[in-house]
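Subject: Model for you to look at

Hello,

Here is the structure I promised to send over. Please open it first, then read my notes below.

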Amino acid sequence: MLNNITMGQYYPVDSRVHRLDPRIKLILTIVFIVAVFMAKTFAGYALILGFVWLTSRLANVPFRMLLRGLKPLRLIIILTFLLNLFFTAGDTLWVEFWIIRITKEGFLQAAFYSLRLVFLVIGTSLLTLTTSPVSLSDGIELLLTPLKKIHFPAHELAMMMTIALRFIPTLLEETDKIMKAQMARGADFESGNLISRAKAMVPLLVPLFVSAFRRAGDLAMAMESRCYHGGDGRTRLRVLKITKNDWIACGVMAALLALIILEGIFL
Amino acid sequence: MRSDSRVQLNNVSYSYEEQASPALSGVSAVIQPGEFVAVLGHNGSGKSTLAKLLNALYIPTEGNVVVCGYNTREEKLVWEIRRRAGMIFQNPDNQIVATVVKEDVAFGLENLGVPTEEMIPRIESALSAVRMSACADKAPHMLSGGQKQRVAIAGILAMEPSVIIADEATAMLDPSGRKEVLETIRSLNRQKGITVVWITHFMEEAALADRVLVVTDGVIRLSGTPAEVFDRVDEMREMHLDVPHMTALAGELREAGMPLRPGILTVEELAEEVENLCPLK
């Protein structure tokens, strides 16, 4: 169970989408979000759906993996739909009883806004499903590098992300161990109401925090002894290169954005 | 270019701020290039402090530590010292930085600003020297303790050090992991001539060294070959340190009247000696 936890959402297969430069993928995701917001009609959404479907085919990622990202957000999506459905003013009345009025305009707007949320989630899932956390943090670091001029800690941020990724499995293993040790001494993590369960977490969290701080101290010393002195003058083992594929991806995304803009003007 | 790869401690003292008595007081020693020196001592004897002084992680309160011709007091030279005197720590988990083995080996090289093309062959040769090439693309948490320590050794080896300091590097490992790590270090010492300072509280490990320094209460009490040191059974006991079982047994046999030679460390040596004294008919 602990083995794949570092991977997060990452869907580890090889594909042209997986091999894209993480910097390009990050930028394209932002452009995609802009495109979703600029789409004014369902025709635009059809275009976006087509794009998402094609990308997921190219990435060898099953479409249901994309939909899985929606699960944690289903409440918000449903709420968005219902609020828009009931509270949008409109003329074409469909259903009316007691205080509930459902109009055609309300239904369309509800569908439109909840679909927008769906596309936003799917688009960002495409990024996280096809990019490993490590190359994602690489991409973020390199994209933020120009901000170093205004003293934005781009390297430090990426280093923190890498270390967090490195220690997630270690700390999970430790949590498991402490939990078992406390259970062997009669601790009960499962029964009781919310408050007593939260209280039961204290003997788990205290040793975990103590050990995490000790680990941090040790790691800092180990890093220093291996000549770590911040991002200045540092070289990298992983070098990112923009390839032909990246340019093609940019072209496709530009075409999508252009079509969406045209659709907004003419439809 | 300074070719002096000795490690020198000149009358070194070190006190932690929060403690009244110094952790080390007036320690002097010279470690020759290519030597395998074990530093033996029980908990709180100051042996870990000694290790951290050699890597400029601590700066002595008094006296000087000179590593490969560089004094640890000179702040500008700290990176020069650390690339030449690599350090392995006790906890295998807490010294691996990256999420992939080969990237962790690259960590030191990245810090030194080594160009990428040069990094790749250095990582490969470091990993093959510790026999971990097969795990180059694995995640560190999938490895055993002994393998993690070998990755840590590779990470230092890639920086091409003259000295490796191991601060109880085997203390948290199981017996087979301990053996792996010790064998790796010993072969690096013999084949590449890397000086090793091996901090430990295991007598059996110290017995394999060229020289043993025994540290108690912040001073070096005994120094000599393993045979010389372990033959002083009573002194060792007084410092709450054990000697290898065979040395202790030989001592008792000697007291009982058997004229055994001094300096017996292993079962084989004792068996041979006993057979010499009373040949089997």
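**What I found**

Leu82(A) sits in helix H4 of chain A, residues 74–87. Helices here are DSSP runs (H or I, at least four residues), numbered from the N terminus. Leu82(A) counts as exposed because it has 12 C-beta neighbours inside 10 Å. The cut-offs: buried means 20 or more other C-beta atoms within 10 Å of the residue's own, exposed means 12 or fewer, partly exposed is in between, and C-beta atoms are placed from the backbone. Leu82(A) and Val95(A) are 13 residues apart in sequence and 14 Å apart in space, C-alpha to C-alpha.

A word on provenance. This is a predicted model: local features need pLDDT of at least 70, side-chain atom pairs count only at pLDDT 80 or more, and totals for chains, interfaces and linings use all residues. Residues are numbered from 1 along each chain as its sequence is written, while chains are lettered from A and ligands numbered from 1 in the order in which they are written.

**Domains of chain A**

Domain 1 covers 10–144 + 241–266, and domain 2 covers 163–225. These bounds come from an automatic or database domain assignment. Over C-alpha atoms, the centres of the two domains are 37 Å apart.

**Helix packing**

In chain A, H2 (residues 42–58) packs on H10 (residues 244–266) at about 170°, with the axes 9 Å apart. Axes are lines fitted to C-alpha atoms, for helices over the stretch in contact, and angles run from 0 to 180 degrees between N-to-C directions. H2(A) is therefore roughly antiparallel to H10(A) (angles over 145 degrees). H2(A) contributes Ala43(A), Gly44(A), Leu47(A) and Phe51(A); H10(A) contributes Leu256(A), Leu259(A), Ile260(A) and Glu263(A). Contact means C-beta atoms, placed from the backbone, within 7 Å.

In chain B, H3 (residues 101–112) meets H4 (residues 116–129) at about 120°, axes 10 Å apart. On the H3(B) side, the contact is made by Lys102(B), Val105(B), Ala106(B) and Leu109(B). On the H4(B) side, Met119(B), Arg122(B), Ile123(B), Ala126(B) and Leu127(B) take part.

**Between the chains**

How many residues of chain B are in contact with chain A? There are 31, and they touch 26 residues of chain A. Helices H2 (78–84), H3 and H4 of chain B each give two or more residues to that side. H3(B) supplies the largest share, seven residues.

Best wishes

Notes
Two residues are in contact if their C-beta atoms, placed from the backbone, lie within 7 Å. Angles under 35 degrees count as roughly parallel, over 145 as roughly antiparallel, 65 to 115 as roughly perpendicular and the rest as oblique.
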